[in-house]
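Take a moment to look over the sequence and the 3D structure below.

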Amino acid sequence: MKLFQQLLLAPAALGLLSPMAVSAAELNLDGVNQYASEEQVTSINQFSDVQPTEWAYQALSNLIERYGCVAGYPDGTFRGKKALSRWEAAALLNACLDRITEVTDELRRLLKEFEAELAVLKGRVDGLEAKVGELEASQFSTTTKLNGKATFVVGANSYSGSSDGLVDAARALQGATAFNYDIQLNFDTSFTGKDLLRTRLRAGNFADGPWAGGPVVGLNALEAAFEENCGSGADCGDVVAINRLFYQFPIGTGFTATVGGRVRQDDMLAVWPSVYPADTVLDIFTYAGAPGAYSLNLGAGAGLWWKSGGWTISANYVSANGDVGNPSEGGIGTSGAAQTGTAQIAYTQPNWGLAVAYVYTTPEGGQAGLYSGNGTPLAVTGFGLSTSVSSVGISGYWQPSNSGWIPSISAGWGINGHSADSASAGSLESVIDGAQTQSWYVGLQWSDVFIKGNSLGMAVGQPTFLTKSGDNDTLSPNDGNYAWEWWYKFQVTDNISVTPAIYYLSAPLGQDQKFNNESFSNFGGIVKTTFKF
């Protein structure tokens with residue numbers, strides 16, 4: 001009860017608890033009758049002598065507006081400083097009790113009127129409580145959430161050019177119409193609400209399909225083209241395997257650490273410097289224009305990033321063969337580790353971002369195989385034979401605040417310097433030692449095209465190609481090539497999308513197809529359906 005109410009009711013209550021004799025001289029019946037007969041006020045503003053600065057202003061306002069049981073004097077005053085007699089307190093208390101009784105009677109009437117509806121609501125609430133109890137008793141985990149993505153791809157490649165041998169080989173090995181799938185299940189666990197333990201299960205059947213990075217054309221590989229490797233180079237379609245297993249947690253202010261036995265380079269970067277694409281098609285356009293720097297090396301690793309305002313700094317290490325005990329074939333920091341060390345500095349704002357990355361790679365032990373879909377055969381061979389590669393990537397993006405005719409723009413450029421063991425003049429190692437490879441891309445993307453939620457995109461660029469030879473007498477670079485893709489994403493529901501796409505590769509084999517001035521190109525089309533749950 002408000003303090004003012006307590007003060008108003010105290011005299012009457014004390015009078016009931018401790019009756020005292022009152023003489024006629026002490027009783028002002030005219031004053032009581034005048035107070036009790038006065039019409040009730042409906043707003044505190046009707047009192048000319050009550051100011052908001054009064055200590056009991058709010059209490060008096062509540063009594064008037066909520067209960068309507070306060071009267072004033074005929075001259076429009078409340079006279080708050082006037083002494084209150086026991087009779088006046090009794091009159092005020094009686095008025096308030098009458099009002100409360102009216103409210104109580106009204107509530108009883110409403111409860112009676114809506115008795116049936118209230119009984120139904122109570123039954124529903126009881127039923128919901130029972131279902132919640134069942135779910136809590138049978139839930140998979142109180143700390144883990146499951147989300148997944150299933151992808152269907154159907155389509156084909158078409159090959160043309162003056163090199164009949166290449167065209168025939170590509171048609172024979174990668175020319176069929178195919179239907180492949182990829183599925184990912186993520187188990188995201190948090191113990192504190194700020195950390196993340198991610199376990200990803202993945203399966204697919206792309207290894208023998210037309211978009212798996214070979215055996216003739218590797219640049220037509222799709223980002224979704226996955227199939228687990230069962231060891232010793234064997235591919236195992238339809239086998240479910242651990243694709244990610246890492247733990248990420250904050251340290252102090254602004255720092256986040258990541259460690260895992262199966263973690264990818266980009267899992268440990270504070271910024272991914274691209275907003276392209278909304279739905280992936282060719283794999284070569286998913287590396288922010290610099291596949292050498294953003295190689296997405298996957299294996300055992302650890303990393304740390306720092307954020308402050310728009311600035312971020314990231315550093316991480318990954319060994320693709322970190323689970324191997326033979327130092328010549330794997331391990332951590334060994335010659336066979338197939339390892340990458342990454343450092344990135346980035347600055348982002350709500351609509352744009354820019355990042356520069358430096359990556360030191362020792363490809364021996366498997367990096368060439370991981371790199372097969374991201375460059376020409378000559379560039380891939382250069383990575384495979386290099387003892388070390390130093391890569392720099394400069395990438396950025398801009399996107400409009402609202403959807404419309406202006407697209408988001410993502411662009412990136414990468415350059416790689418190669419070192420190889422010394423070899424005699426004329427050998428392939430002599431070409432690679434001191435060689436240089438480059439790549440670039442530009443991706444445009446429009447949101448809410450024709451229908452809200454649908455997206456349109458296109459990209460153009462040059463996958464990694466040799467731009468400088470370590471031995472020009474043996475090989476003068478002529479490895480240039482271009483790639484394009486166009487796609488439109490239909491967002492059928494919140495969880496289902498269908499994306500038809502086409503792509504074109506002008507010279508997918510680079511210099512290998514140009515020795516005899518022969519042409520060879522690849523045009524392809526797919527329909528990709530994605531289910532998210």
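Begin with Asn316, which touches Gln265, Met268, Leu269, Ala302, Gly303, Thr340, Gly341 and Thr342 when residues up to four places away in sequence are not counted; a contact here means heavy atoms within 4.5 Å. Because its relative accessibility is 6%, Asn316 counts as buried, a word used for residues under 20% relative accessible area, while exposed means over 50% and partly exposed lies in between (1.4 Å probe, protein chains only). This is a predicted model, in which local features need pLDDT of at least 70 and side-chain atom pairs count only at pLDDT 80 or more, whereas totals for chains, interfaces and linings use all residues. Residues are numbered from 1 along each chain as its sequence is written, and side-chain values use heavy atoms, with hydrogens and water left out.

Asn316 belongs to strand 9; strands (E, at least two residues) and helices (H or I, at least four residues) are DSSP runs numbered from the N terminus. Strand 9, residues 311-319, runs antiparallel to strand 8 and is joined to strand 8 by 9 bridges, where two strands are said to pair if DSSP finds at least two bridges between them. At one of these positions Ser308 stands opposite Trp311 in strand 9. The two strands form a hairpin with 2 residues between them, and Gly309 in the turn has a positive phi of about 65°.

Strand 8 (residues 298-308) also pairs with strand 7 (residues 255-264), in the antiparallel sense and over 8 bridges. Within this pairing, Thr258 has Gly303 of strand 8 as its bridge partner, and Gly303 is also among the residues that Asn316 touches.

Now turn to another strand, strand 3 (residues 196-204), where Arg202 lies. Is Arg202 buried or exposed? Arg202 counts as buried, because its relative accessibility is 8%. Leaving out residues up to four places away in sequence, its contacts include Asp182, Glu223, Phe226 and Asn243. With Asp182 there is a polar contact between the two side chains at 2.9 Å, that is, a pair of N or O atoms within 3.5 Å, of which, within protein, one must be able to donate a hydrogen and the other to accept it, and residues adjacent in sequence count only if both atoms are side-chain atoms. Arg202 and Ala150 are 52 residues apart in sequence, and their C-alpha atoms are 9.7 Å apart in space.

Finally, consider the whole protein chain, which has 9 helices and 18 strands. Of its 533 residues, 43% count as buried.
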